[in-house]
Structures are given as C-alpha cells and as structure tokens.
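Biologist: I've got this chain open on my screen and would like to talk it through. Can you take my questions one at a time?

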Amino acid sequence: MWVKKMSPLVIYVSAAYKDYSENPNSAPSPSEGTYVCFGGNYSVRFSPFAFPLIFTEDVLPSLEEQGVPQLYPNDSIVDYKKELRSLNRELQLHILELADVLVERPSQYAKRIGDISSVFKNLHHLLNSLRPHQARATLIHIMELQIQQRKQAVEDIKRRREEVQRLLKDAFITLDGQ
C-alpha cells in the first residue's frame, strides 16, 4: 500500500496552527533556543518590545574560537582594504610555494595546504565582518531608490492633474461659449 509522506514543514505548520481553522487570529507562540545553519550556531530569543518580535543574535565568532590563527592585527579599528590586499598577496605566495613544494618535495605539501586554509579562513572572516556594513549600505541604496521612484510618481500625478485641470478648463470655456 502506498503511504504519502508529509514534509517536515507541513507537519510543523499543521501542528503549530492546529487551532487556525477554529480561530484564524491564533498563531503559535514564538520559540526560543539555538539552531545551526551552515555550520554556525545562532540563538533565537523572544522580545515583546523589539521589532520583529523574534530575532536572532548573529555574533561573528572570533578566529580563536574557531581554532584558526589570526593573520591580521586584532585592533578595534581594522583597515579592511589593506588587510584584504595583504592576505590576498599572502595567499598568492602560499600557492606559489605549494606549487614549488609539489614539484620538489611532494611529501611536505600538507603544511602548505594548512597555510592556504588559514589564509582563506582569515579572508572569509574579514569579509564576513563587513556584512553588516554591506547590509546597511544596500538598505540605504534601496530606500534612496524608493524615494526617487515616489518623487517621480508624485511628479507624474501632478503633471496629470494639471493636464486634467487644463482639459476641464477648456471644456468649461467650450460649454460657456455655446
């Protein structure tokens, strides 16, 4: 006999919203806890005064917490452009060294692979620390575009209103003349 399997999402929604058919205004209570997404641990907590009411606390773990040596200065003010360029050059050097090691001493490639991995993880960490700035800049850009579109819409409405007023004025003059 064929049995239809329900997806986990359908199971969750049907369990969470079981009272929805009787009371459409009901909603499941917010859940709290931690979850893992792409290898990162995130915590969710409920705050009745925050918007949205449920939010995650996304804190970028330090490289030391991940067991990776930090290859750039641990200052509060980091020159990201300079450090990214430096790490990029270091990565190129390590790749050339790996090619040299593979040709001359193939048994010693593991150390070079570890160095390259460490540089990649440092690059990735620096780029991830720029994500909040990128998100703010993106939102500012989107909002500026929306403002520009709304101003254009207002100008279009004003132009059409003036055109209609002119047509009405011409119609009244035509009717008064008859």
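Predicted model: local features only at pLDDT ≥ 70, side-chain atom pairs only at ≥ 80, totals over all residues.

Biologist: What share of the chain do buried residues make up?

Modeller: A residue goes in that group if its relative accessible area is under 20%. The chain has 178 residues, and the buried share is 12%.

Biologist: Let's look at H2 and H3. Are they roughly parallel or roughly antiparallel?

Modeller: Two packed helices are described by the angle between their axes and the distance between the axes. Here the axes of H2 (residues 80-104) and H3 come within 9 Å, and they cross at roughly 160 degrees. Angles over 145 degrees count as roughly antiparallel, so H2 is, relative to H3, roughly antiparallel.

Biologist: And how many nonpolar residues are in the contact of H2 with H3?

Modeller: The crossing of these two helices is left-handed. Their contact includes four polar and five charged residues, and the nonpolar ones number 16.

Biologist: Is Val-101 buried or exposed?

Modeller: Val-101 sits in helix H2, and its C-alpha is 8.1 Å from that of Arg-112, eleven residues away in sequence. The relative accessible area of Val-101 is 2%. Since the cut-off is under 20%, Val-101 is buried.

Biologist: What about Gly-67, buried or exposed?

Modeller: You'll find Gly-67 in the loop between strand E3 (54-57) and H2. Its C-alpha is 9.9 Å from that of Ser-118, although the two are 51 residues apart along the chain. Relative accessibility for Gly-67 comes to 62%, and the cut-off is over 50%, so Gly-67 counts as exposed.

Biologist: Now the second largest pocket: which residues are the closest to its centre?

Modeller: That pocket holds about 150 Å³ of space. It is lined by 13 residues, and the closest to the centre are Gln-70, Tyr-72, Asn-74, His-125 and Ser-129.

Biologist: Which helix gives the largest share of that pocket's lining?

Modeller: By class, the lining has six nonpolar, five polar and two charged residues. The largest share is three residues, and they come from helix H3 (residues 109-129).

Notes:
Residues numbered from 1 in each chain as written. Heavy atoms only, no water. 1 Å grid on protein atoms, 1.4 Å probe; cavity = no way out; pocket = protein on both sides within 12 Å on 5 of 7 lines; lining within 4 Å. Points joined across faces, edges and corners; volume = space filled by probe spheres on them. Helix = DSSP H or I, 4+ residues; strand = E, 2+ residues; numbered from the N terminus. Nonpolar A, V, L, I, M, F, W, Y, C, P; charged D, E, K, R; others polar. Axes fitted to C-alpha atoms, helices over the stretch in contact; angles between N-to-C directions. Parallel < 35°, antiparallel > 145°, perpendicular 65-115°, else oblique. Left-handed = near helix turned anticlockwise from the far one by under 90°. Buried < 20%, exposed > 50% of the residue type's maximum accessible area, 1.4 Å probe, protein only.
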